[in-house]
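I opened this entry to record what I looked up in the structure.

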Amino acid sequence: MTNEYKEYLKSKEWSEIRLEIIKTRKKCERCGSKKRLQVHHITYKNIFNEEPNDLELLCSGCHKAEHGIKKPVKKKRVKPKKKRKKTKKETWQSILKKMP
Ligand SMILES: [Zn+2]
Ligand SMILES: [Zn+2]
């Protein structure tokens with residue numbers, strides 16, 4: 001990302017475009033969520049002069065996914081259970097058998 005682009009994202013022009021996209025499309029184009037909407041650039045080729053097709057309205061989750069930012073999936077560590085050795089209870093009989 002260039003500084004120019006970062007500045008552009010803070011500009012009034014961009015905020016107007018952004019609001020317009022949010023107003024017209026209303027929801028995430030991937031999952032339909034209406035929360036935390038963000039405008040994603042499908043292509044940067046027309047940056048500073050975007051066409052509607054260059055932009056996609058995404059919720060923050062889909063947007064992050066689009067940029068490959070995924071929440072680290074917490075894997076539950078399964079502790080290997082210690083196998084209890086089943087010891088056969090020695091009966092008096094078996095003990096007696098072992099005796100010489
Ligand atoms: Zn979404
Ligand atoms: Zn994006």
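I read the order of elements from the N terminus on as α-α-β-β-α-α. I count four helices and two strands in the protein; helices (H or I, at least four residues) and strands (E, at least two) are DSSP runs, numbered from the N terminus.

I note that this is a predicted model, where local features need pLDDT of at least 70, side-chain atom pairs count only at pLDDT 80 or more, and totals for chains, interfaces and linings use all residues. Residues are numbered from 1 along each chain as its sequence is written, while chains are lettered from A and ligands numbered from 1 in the order in which they are written.

I looked up the dimensions next. The C-alpha atoms fill a box of roughly 100 × 30 × 20 Å along the principal axes. The radius of gyration is 31 Å, whereas a compact globule of 100 residues would have one near 13 Å; the radius is taken over C-alpha atoms, and the globule rule is 2.2 Å times the number of residues to the power 0.38.

I then checked burial. Of the 100 residues, 10% count as buried, that is, with 20 or more other C-beta atoms within 10 Å of their own, C-beta atoms being placed from the backbone.

Definitions and conventions
A residue is buried if 20 or more other C-beta atoms lie within 10 Å of its own, exposed if 12 or fewer, and partly exposed in between; C-beta atoms are placed from the backbone.
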